[in-house]
Amino acid sequence: MTDQARKQLDTTGLTCPEPVMMLHNAVRDLSPGELVEVRATDPSTQRDIPRFCSFLGHELIEQDEAGGVYRYIIRKAG
């Protein structure tokens, strides 16, 4: 799935609300249906990013965590 991501967004080391604010800006630059991969270390992104997607209608395709790094694959709403 990662290879399909158009944009990579590294928010590691940043804390709320910066990861979601950066995601919001990144999604604006995408065309509908395009993907963005977000990497974060802030545990609050586990709550904030799914809510962001739900609120704005984007699709959270994948979400996982390994070694304290949270990874999200999001498809921009059409």
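In the predicted model, threonine 45 is located in helix H2, which spans residues 45-56. With a relative accessibility of 1%, threonine 45 counts as buried, because residues under 20% are classed in this way. A polar atom of the threonine 45 side chain lies 2.7 Å from the backbone oxygen of aspartate 42. Beyond residues up to four places away in sequence, threonine 45 touches Pro19, Ala40, Pro50, Tyr70 and Tyr72.

Threonine 45 also takes part in the contact between H2 and helix H1. The axes of H1 (residues 18-28) and H2 come within 10 Å and cross at roughly 35°, and the crossing is right-handed. H1 contributes Pro19, Val20, Leu23, His24 and Val27 to this contact, while H2 contributes Thr45, Asp48, Ile49, Phe52 and Leu56. By class, seven of the contact residues are nonpolar, two are polar and one is charged.

Both helices lie across strands of a sheet. This open sheet is formed by four strands in the order E1-E2-E4-E3, with mixed pairing. Strands E1 (7-10) and E3 (59-66) each have a single partner strand and stand at the edges, so one side of each lacks a neighbour in the sheet. From one strand to the next, the twist averages 15°. E3 and strand E4 (residues 69-75) run antiparallel and are joined by seven bridges; leucine 60 stands opposite isoleucine 74 in E4.

H2 lies across E2, E3 and E4, and its direction is at about 5° to E4.

Technical notes
Residues numbered from 1 in each chain as written. Predicted model: local features only at pLDDT ≥ 70, side-chain atom pairs only at ≥ 80, totals over all residues. Heavy atoms only, no water. Helix = DSSP H or I, 4+ residues; strand = E, 2+ residues; numbered from the N terminus. Buried < 20%, exposed > 50% of the residue type's maximum accessible area, 1.4 Å probe, protein only. Polar contact = N/O pair within 3.5 Å; in protein donor to acceptor, adjacent residues only side chain to side chain. Contact = heavy atoms within 4.5 Å. Axes fitted to C-alpha atoms, helices over the stretch in contact; angles between N-to-C directions. Left-handed = near helix turned anticlockwise from the far one by under 90°. Nonpolar A, V, L, I, M, F, W, Y, C, P; charged D, E, K, R; others polar. Pairing = 2+ DSSP bridges.
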